[in-house]
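I opened this model to look up its charged pairs, its sheet and its core. My notes follow in the order I checked things.

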Amino acid sequence: MDGLSEQRIYCPYCGESIDVFIDAAELGDEYIEDCQVCCRPIIFSPTQAADGSVTVTVRAENDTY
């Protein structure tokens, strides 16, 4: 998969829905971006499903997984 995939996530802190773009080069990596609404750090974990679709899991900085 190449390019960007648009995903809608919900901030684990403030609950706002945010549209984000996931870069295919980042699949399998975790990274942090600040919420566009409350500015708190969100940990992103993008993966690729067997059918080729991109999914992203988000969590708060202090959440365990």
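**Entry 1: salt bridges**

I started with Arg-8, which forms a salt bridge with Asp-19; the closest N and O atoms are 2.9 Å apart. Arg-8 sits in strand β1 and Asp-19 in strand β2, so this pair ties together parts eleven residues apart in sequence. I note for the record that the model is predicted.

Arg-8 has 52% relative accessibility, so I log Arg-8 as exposed, the cut-off being over 50%. Asp-19 comes out at 36% and is partly exposed.

How many salt bridges does the count come to? It comes to two. The other one joins the side chains of Arg-59 and Glu-30, at 3.3 Å from N to O. This pair links distant parts of the chain: Arg-59 belongs to strand β5, Glu-30 to the loop between β2 and β3, and they are 29 residues apart.

Is Arg-59 buried or exposed? Arg-59 is buried, because its relative accessible area is 13% and the limit is under 20%. Glu-30, at 42%, counts as partly exposed. As background, side chains of opposite charge can pair when their charged atoms come close.

**Entry 2: the sheet**

I then traced the strands. Three of them form an open sheet in the order β3-β4-β5, with antiparallel pairing. The edge strands are β3 (31-34) and β5 (54-60), each pairing on one side only. Neighbouring strands here are turned by 35° against each other on average, direction ignored.

I took the β3 side first. Four bridges join β3 to β4 (residues 41-48), and the two run antiparallel. Ile-32 stands opposite Ile-43 in β4. The hairpin of β3 and β4 has six residues between the strands, and in this hairpin Cys-39 takes a positive phi near 70°.

Then I moved to the β5 side. Seven bridges join β4 to β5, again an antiparallel pair. Ile-42 stands opposite Ala-60 in β5. This hairpin has five residues between the strands, and Gly-52 takes a positive phi near 95° in it.

I also checked how covered β4 is. Six of its eight residues are buried, so I log β4 as mostly covered.

**Entry 3: the core**

Which residues make up the largest nonpolar core? I listed eleven: Ile-9, Cys-11, Ile-18, Val-20, Ile-22, Tyr-31, Cys-35, Ile-42, Phe-44, Val-54 and Val-56. The elements that give two or more residues to this core are β2 (17-23), β4 and β5. β2 gives the most, with three residues. As background, nonpolar side chains tend to be buried together in soluble globular proteins.

**Entry 4: Ser-5**

Where is Ser-5 placed? Ser-5 is in strand β1 (residues 4-10). Its relative accessibility is 14%, so Ser-5 counts as buried.

I checked the neighbours too. Leaving out residues up to four places away in sequence, Ser-5 touches Val-20, Phe-21, Ile-22 and Val-54. Val-20, Ile-22 and Val-54 are among the residues of the largest nonpolar core. The side chain of Ser-5 also joins the side chain of Gln-7 in a polar contact of 3.2 Å.

Technical notes. Residues numbered from 1 in each chain as written. Predicted model: local features only at pLDDT ≥ 70, side-chain atom pairs only at ≥ 80, totals over all residues. Heavy atoms only, no water. Pairing = 2+ DSSP bridges. Axes fitted to C-alpha atoms, helices over the stretch in contact; angles between N-to-C directions. Buried < 20%, exposed > 50% of the residue type's maximum accessible area, 1.4 Å probe, protein only. Polar contact = N/O pair within 3.5 Å; in protein donor to acceptor, adjacent residues only side chain to side chain. Contact = heavy atoms within 4.5 Å. Core = buried A, V, L, I, M, F, W, Y, C linked by side-chain atoms within 4.5 Å. Salt bridge = Lys/Arg side-chain N within 4 Å of Asp/Glu carboxyl O.
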